Amino acid sequence: HLPQLTASALMMVVGDAVGAQGLNLSGRGLADTTRLASSPPEIWRDIAATNADEIGPALDVLISVLQDLRRDLPKGDRLADVFTDAARWRSTLKP
């Protein structure tokens with residue numbers, strides 16, 4: 001359920017930052033990445049509550065990686081590690 005929460009949070013952050021006019025200038029990547037953000041909140045409220053014990057730790061790990069990336073912006077070492085690992089894992093993903 002982490003992709004759902006991540007996509008929804010990302011869309012909220014970007015939408016709040018740039019508004020409707022800014023979103024009109026966005027590219028295909030944002031639309032593809034946030035497709036899940038259109039899901040009905042009523043369903044996901046129950047899913048999140050039912051699976052809180054599993055979702056909570058997964059969110060903690062994601063937040064930790066994002067914080068690592070934030071701290072590493074000037075150097076890019078962690079970014080390279082994350083991108084390399086992500087590409088490796090993505091290549092094994094079956095659509």
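Student: Does α1 pass α4 in a left-handed or a right-handed crossing?
Tutor: The model is predicted, with local features requiring pLDDT of at least 70 and side-chain atom pairs pLDDT 80 or more, while totals for chains, interfaces and linings use all residues. Residues are numbered from 1 along each chain as its sequence is written, and side-chain values use heavy atoms, without hydrogens or water. A crossing is right-handed if the near helix is turned clockwise from the far one by less than a right angle, and left-handed if anticlockwise. For α1 passing α4, the crossing is right-handed.

Student: How many helices does the protein have?
Tutor: Helices are DSSP runs of H or I with at least four residues, and strands are runs of E with at least two. From the N terminus on, the elements follow the order α-α-α-α-α. The protein has 0 strands, and its number of helices is 5.

Student: How are α1 and α4 oriented to each other?
Tutor: Helix α1 covers residues 2–24 and helix α4 covers residues 52–71. Their axes lie 10 Å apart, at an angle of about 55 degrees. Angles under 35 degrees count as roughly parallel, 65 to 115 as roughly perpendicular, over 145 as roughly antiparallel and the rest as oblique. The two helices α1 and α4 are therefore oblique.

Student: Which residues of α4 meet α1?
Tutor: Contact means heavy atoms within 4.5 Å. The contact of α1 with α4 comprises 6 nonpolar residues, 1 polar residue and no charged ones. From α1, the residues Leu2, Leu5 and Thr6 meet, in α4, Ile55, Ala58, Leu59 and Leu62.

Student: What is the distance between the axes of α4 and α5?
Tutor: Helix α5 spans residues 77–92. The angle at which α4 and α5 pack is about 140 degrees, which makes α4 oblique to α5. The distance between their axes is 7 Å.

Student: Which residues of α5 make the contact with α4?
Tutor: By class, this contact of α4 with α5 has 4 nonpolar, no polar and 2 charged residues. On the side of α4, Val65, Asp68 and Leu69 take part. On the side of α5, the residues are Arg78, Leu79 and Val82.

Student: What box do the C-alpha atoms of the protein fill?
Tutor: The box is taken along the principal axes. Its dimensions are roughly 40 × 40 × 30 Å.

Key. Axes fitted to C-alpha atoms, helices over the stretch in contact; angles between N-to-C directions. Nonpolar A, V, L, I, M, F, W, Y, C, P; charged D, E, K, R; others polar.
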